[in-house]
Amino acid sequence: MPKNQTLPAEWTSGSLNTLNLAQHLGIRKPGVPSDLRIKRSPKSKNLIAQYLPAVEDDPRPGAGATRSGSGKRKLFEASMGTPDPWEAAKRAVEWVKDHQRESRAAKDEQQSQKDSSLHAYWERWFKRTSDSKKTARINYRKWEGEQQNLWLAQGYGLKHQPFALKSVESITYADLADYWAVIDQRRATSTRAGDMGGTKKQLKTLIKHLLQEARSDFPQLLDPKFPPISHQKKQVDHFHKEEWENLVRHALDCTQGAGQASLTPAEYQSLAFTSANRQNQRYWVDFYDGLMLLWFFYLRAEDLPRVKAEWFREAQGERGPYVICRLEETKGNRDIKQTHNLRPDGYKVWQRITKRKPSGYLLFPELDRGSVNPNFRFLLKESKKACSITRAGLSTTQVRHTAFRLLLEEDPQLHSVAGLREVAAAGNTSVDQLRETYLDPIQSAANAAEIRSRLKPAEWSMVKRVGDDI
């Protein structure tokens, strides 16, 4: 302790309750914080030591700030076990040195965890995937917005979860169960309808992408077990047979005969066209071609901007030629599989489409790829309006649903396990999905119709003419 140093008179009189070691006691040592102090405790005669490290040295969440990081930072403090100021000051110096060592170790561990956390792999994965999406120029803005929202969304975004700062090797089922509880709480306080099952599925997919990214550093890393995801399922809507046929006829009428014509590339390019009006002849031909590709090859809406002539080829079977489609880009990077047309007229239609567009993009080839689906949806909306189809929600996706639903309605032999396997293979989907989405509703409607045909109306429900009882 400093020689000839005396305690301040205010401390002795009791009007001063805090002593700064440097200012009041003259204790200045290398590495000792300048704000280290001792103070009287309201609960004990023993003095308390306090200090506040720099923000960057504080290992606590939010650097010790209250109100979830927006309030005042709390001091570190500990009892020195003595009422003597000089002894307490001596012990405070040793305490703060030990505490600083522990804090540095905690910060080092946090940094190590962060370097192998979802935060680190998000940066790598998002940059690499963004570059790929930008190059493909397919719905990049939509994809970017969705991924950024999953990561950054206030409160429930993945970035804000405690386990996102842990090493990927330390993420557990309990972490994910806690996260699902956060999502459920958002549902309870949100005005939006739904059970958040879709959001959980998207977040699960993102987490698995980031864990896959981490396997470059941790080859043996396994995915943690995820809590089950339950969500409400709505029966998908589709165009009824008459609606679909009217829709196709309207599209053909708008092509002025060009849709079913065998056009050369030059003849296709010479079709009436103006960029000022999307309802031009060439665009209607592209719209019709899109309907046919969805109908015969069960494409998804997301396939329309990227589908190319090179993805198709002719094959010969025992009963004639057919078309093989190999989707080079698939939903969610699923395995690339070859599919084929089930309806026989698909071959002739494909011949006409690829004759006029023998290479490159098959739909709206001159447009930026991000504009393909908006143009297709616009023409679909106009077609619905022209055909007096007023039901809401019938979009591009419903054309794929229509192709599956009407196929299974038309051919009951496809209801068998083997038949469903063939349809699933042709549509790059699963048997369970076909059964749940299409076959079960078809059979339910048929059963209900059968029941109605067997039951007789009750007498009291019949309408009687005036005078029947006279």
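1. Helices (H or I, at least four residues) and strands (E, at least two) are DSSP runs, numbered from the N terminus. By that count the chain has 14 helices and seven strands. The model is a predicted one, in which local features need pLDDT of at least 70 and side-chain atom pairs count only at pLDDT 80 or more, while totals for chains, interfaces and linings use all residues. Residues are numbered from 1 along each chain as its sequence is written, and side-chain values use heavy atoms, with hydrogens and water left out.

2. Overall dimensions. The radius of gyration, taken over C-alpha atoms, is compared with a globule rule of 2.2 Å times the number of residues to the power 0.38. For a compact globule of 470 residues the rule gives a value near 23 Å, but the chain has 35 Å. The C-alpha trace spans about 110 × 80 × 45 Å along its principal axes.

3. Burial. A residue is called buried under 20% relative accessible area, exposed over 50%, and partly exposed in between (1.4 Å probe, protein chains only). Of the 470 residues, 42% count as buried.

4. The largest core. A nonpolar core is a set of buried Ala, Val, Leu, Ile, Met, Phe, Trp, Tyr and Cys residues joined through side-chain atoms within 4.5 Å. The largest one here has 59 residues, and those with the most contacts inside it are Trp 244, Met 292, Leu 293, Phe 297 and Phe 312. Several elements each supply at least two residues of this core, including α7 (241-254), α9 (281-297), β6 (320-326) and α14 (431-454). The largest share, 11 residues, comes from α9. Apart from this core lies another, of 30 residues, among them Tyr 140, Tyr 156, Ile 171 and Ile 207.

5. What does Leu 293 touch, leaving aside its neighbours within four places in sequence? With contact meaning heavy atoms within 4.5 Å, its partners include Tyr 298, Val 307, Phe 312, Ile 353 and Leu 363.

6. The sheet β5-β6-β7. Two strands pair if DSSP finds at least two bridges between them. Three strands form an open sheet in the order β5-β6-β7, with antiparallel pairing. The edge strands, each pairing on one side only, are β5 (312-317) and β7 (338-340). Six bridges join β5 to β6, and Arg 313 stands opposite Ile 324 in β6. Helix α10 packs on this sheet and touches β5 and β6; its direction makes about 60° with that of β6. Such angles run from 0 to 180 degrees between N-to-C directions, with axes as lines fitted to C-alpha atoms, for helices over the stretch in contact.

7. Strands β2, β3 and β4. Strand β2 (residues 37-39) is joined to β3 by three bridges and runs antiparallel to it; the bridge partner of Ile 38 is Ala 49. Four bridges join β3 to β4 (residues 76-79), again antiparallel, and Tyr 51 has Phe 76 as its bridge partner. Both faces of β3 (residues 48-51) are covered: Ile 48 and Gln 50 on one side and Ala 49 and Tyr 51 on the other are all buried.

8. Two positive phi angles. Tyr 298, in the loop between α9 and β5, has a phi near 55°, a positive value in a residue other than glycine. Tyr 298 is buried, with a relative accessible area of 2%. Phe 364, in the loop between α10 and α11, is not a glycine but has a positive phi of about 45°. Phe 364 is buried, with a relative accessible area of 0%.
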